[in-house]
Amino acid sequence: MILAATPANIKRAAEQLCLGGVVAFPTETVYGLGADATEEQAVAKIFEIKNRPRFNPLIVHLHDPNKIDQVADFKSDASLKRTVEKLLPFWPGPLSLVLPRHPSIPSLVSAGLSSIAVRIPAHDVALALLKTCDIPVAAPSANLFSSVSPTTAAHVEESLGGRVDLILDGGPCSLGVESTVLSLIDVVPTVLRPGGVTVEQLQEVLGDVRVKPTRPVSTSNGDITGSHKVAQLSPGMLREHYSPRTPMILKDQANTSRFPSRVGIIAFKNDPDFLSSHNYTSVKILSESANLKEIASKLFASIRDMDNLGLDLIVVDTCAEVGLGRAIMDRLRKASAGTKK
Ligand code: TXA
Ligand code: MG
C-alpha cells in the first residue's frame, strides 16, 4: 500500500518498524526497504521479501551521527574516529561508511562480516522516520534482488507491492543512484561501490583513497553461494545487479548491422549522430547537455520504462568515469553484464 508521507503516516511507519515490521521509504538515492537493525527476525524479513542471498550485507541508517557508537565499535581506535569525523560534512548524504560492527547488531545485518555499513540519508521523510522510531534501520534498496533499483514509490509497488505492508511516498529520489560505500577498515580507505559522493570529493578530505576495481561476480558460480567470501568482495559487484529483463548493451558494444528488430536507445544528450545510427523503436534522452546529475536522477527510471516496452534490445549511452560518471558507468556495466555480447 502506497501512503503519502504525511506526519501521521510517517508515525504509522515508525510504529511498524518498532514492532518488527518492514517499511519502504524514500531516501535521496533510491527507495529503501527498512527494518529494525537490532532485531534479527525483522532483518530476516528483508532478505525474504527481496529474495536476497544472505551473503549480501545491508546498510544501516541513522538520523544522528552521535548514535554511531550504537552500531559501530571503535574499540578506542582514535584514528578511526578522527577519520569518521573528517567525513561528517558528507552526512546527511549518500555516503555509507564500513566500520567495525557493534556486537549488539546481529551479524545477519552484515552477512556474517565483523563490519557494518552505516549512513545518514539526506531526505526529510527518511530523517523524520528514523527520528520518530529512533532505532537503527537496516535498509537495502527496495527492489527484488538483482533487479533495477527503485526511485519512486510506484517502482517499489511494481516489484514488491504484494510483499510489503507499507510504502511511504516521498516523490522521486533526487540523486537516483545509491550511496558510495567507503570501507574504513582497510589500511587505506577504499571505495567498494562508487555512488553519490564522488571519489574526488573523498580524496580531497582524506588524501589517499583506493577504488576497488569492478570485478563482476556471477551469482550462478556455484562455489560462492552460501559462503561469506562473496560478502567480502562487496555484493554490489555481483554480475546480475541492476539488470532489466530486456538484453542491454553499452553504446561502444553496439553493432547496428546485427541489431534485432525492436531496439530502444537511452542517450545522455541530444546527439544526432548517435540517435540516427539506427531506426530505433524508442528513444529516451536523459539530458540536453549530458549533465551527470540529471542523467543519474533519471537513469534507473529510464531503464525500467524501456524494460516495459517489450523491446529486443536496449542500447545505452556512456560517459567518462569521473565524478558522478563513475557511479553511472558502474551501474550500467553491471546492468548490461548479463547480456551476451
Ligand atoms: O543509497 C543506498 O545505499 C541505498 C539506500 C536505501 O540507502 N541502499 C542500498 O543498499 O543501496 P543495498 O543493499 O542495495 O546495497 C548495499 C551495499 C552492498 O552492495 C554492499 O556492497 C555494501 O552496501 N555493504 C553493506 N555492508 C557492507 C559491509 N559490511 N562490508 C562491505 N560492503 C558492505
Ligand atoms: Mg541494491
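User: How are H3 and H6 oriented to each other?

Analyst: H3 and H6 are oblique to each other. Angles under 35 degrees count as roughly parallel, over 145 as roughly antiparallel, 65 to 115 as roughly perpendicular, and the rest as oblique. This is a predicted model, where local features need pLDDT of at least 70, side-chain atom pairs count only at pLDDT 80 or more, and totals for chains, interfaces and linings use all residues. Residues are numbered from 1 along each chain as its sequence is written, chains are lettered from A and ligands numbered from 1 in the order in which they are written, and side-chain values use heavy atoms, with hydrogens and water left out.

User: At roughly what angle do the axes of H3 and H6 cross?

Analyst: Roughly 125°, and the axes come within 10 Å. H3 covers residues 78-87 and H6 covers residues 199-206. Axes are lines fitted to C-alpha atoms, for helices over the stretch in contact, and angles run from 0 to 180 degrees between N-to-C directions. Helices (H or I, at least four residues) and strands (E, at least two) are DSSP runs, numbered from the N terminus.

User: Which residues meet there?

Analyst: Thr83, Lys86 and Leu87 in H3 meet Leu202, Val205 and Leu206 in H6. Contact means heavy atoms within 4.5 Å.

User: What about Glu200, where is that found?

Analyst: Glu200 is in helix H6. Its relative accessible area is 28%, so Glu200 is partly exposed. The scale: buried is under 20% relative accessible area, exposed is over 50%, and partly exposed is in between (1.4 Å probe, protein chains only).

User: Which residues is Glu200 in contact with?

Analyst: Val322, Gly323 and Arg326, leaving aside neighbours within four places in sequence.

User: New topic. Where does Ala139 lie?

Analyst: In the loop between strand S7 (137-138) and helix H5 (153-160). Ala139 is buried, at 6% relative accessible area.

User: What does Ala139 touch?

Analyst: Phe25, Gly32, Leu33, Gly34, Ile59 and His61, not counting residues up to four places away in sequence. Ala139 and Phe25 are 114 residues apart in sequence, and their C-alpha atoms are 9.1 Å apart in space.

User: How many disulfides?

Analyst: The count is 0. A disulfide is a pair of cysteine sulfur atoms within 2.5 Å.
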